[in-house]
Structures are given as structure tokens and as C-alpha cells.
Amino acid sequence: MAGASLGARFYQQIKRHPGIIPMIGFICLGMGSAGLYLLRLALRSPDVCWDRKNNPEPWNRLSPNDQYKFLAVSTDYKKLKKDRPDF
């Protein structure tokens with residue numbers, strides 16, 4: 001066991017304890033979901049600015065109809081009107 005690689009040890013543990021398989025699946029699912037959510041935040045959020053030269057303040061270009069929240073329970077974004085000045 002001392003000379004076995006990490007993959008071989010992992011495979012041996014799974015063969016010995018098959019109850020670990022669902023736990024590993026749920027951990028991988030959770031990590032994948034968290035990674036995709038972080039990617040969504042980095043690409044779709046108006047608070048993140050990747051290009052400071054061409055668009056230094058991306059939150060000013062959002063119209064009131066843009067939905068950038070992940071889940072809006074009671075807000076209908078189609079009916080919102082502009083309530084801020086143009087810059």
C-alpha cells in the first residue's frame with residue numbers, strides 16, 4: 001500500500017467501502033454547482049469589471065429591465081421604469 005498511487009488507493013477504498021460512492025457523487029455535484037455559480041457571478045454580475053478601458057462602470061449601462069439577480073421572487077422586471085439619471 002505504501003507504493004500505490006493515489007488513484008489505486010482510491011479505487012481500493014471504494015472496493016472496500018461501496019457506501020462511499022454516493023457521498024463522493026454528492027460532493028462532486030456540490031463542487032461542480034459551486035464552480036458554475038462562481039463562473040456565472042464572474043461573467044454576468046454588473047459588479048465585476050473585466051475591461052476597465054472600454055467599460056469602466058458597467059453598472060451604468062444596465063437598463064431597469066435587466067435581471068441580474070439569480071432569483072427574483074416578486075419583482076417583474078418588465079414593468080420597471082428608469083429612476084436614475086444618465087451619465
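Valine 48 is partly exposed, at a relative accessible area of 31%. That value lies between the two limits, since buried means under 20% and exposed means over 50%. The model is predicted. Valine 48 sits in the segment after α2, the helix that spans 20–44.

On the surface, Val48 belongs to a nonpolar patch together with Leu36, Leu39, Leu43 and Trp50. The accessible area of these residues together is about 580 Å².

The α2 helix covers 20–44, and the unreviewed UniProt entry places a "transmembrane region" at residues 20–43. In the model, residues 20–43 are 100% helix and 0% strand.

Values for the whole protein are listed below.

| Property of the protein | Value |
|---|---|
| Helices | 2 helices |
| Strands | 0 strands |
| Buried residues | 6% of the 87 residues |
| Accessible surface | about 8000 Å² |
| Share of accessible surface from carbon and sulfur atoms | 61% |

Contacts can also be sorted by separation along the chain. Of the contacts with a separation of 6 or more, 12% are between residues 24 or more positions apart.

Conventions. Residues are numbered from 1 along each chain as its sequence is written. This is a predicted model: local features need pLDDT of at least 70, side-chain atom pairs count only at pLDDT 80 or more; totals for chains, interfaces and linings use all residues. Side-chain values use heavy atoms; hydrogens and water are left out. Patches are made of residues with over 30% relative accessible area and no salt bridge: like charges are joined within 9 Å, nonpolar side chains (Val, Leu, Ile, Met, Phe, Trp, Tyr) within 5 Å. Accessible areas come from the Shrake-Rupley method with a 1.4 Å probe; for residues, only the protein chains shown count as cover. A salt bridge is a side-chain nitrogen of Lys or Arg within 4 Å of a carboxyl oxygen of Asp or Glu. Helices (H or I, at least four residues) and strands (E, at least two) are DSSP runs, numbered from the N terminus. Buried means under 20% relative accessible area, exposed over 50%, partly exposed in between (1.4 Å probe, protein chains only). UniProt positions are given in the numbering used here, feature names are shortened, and annotations may be inferred rather than shown by experiment. Contact means heavy atoms within 4.5 Å.
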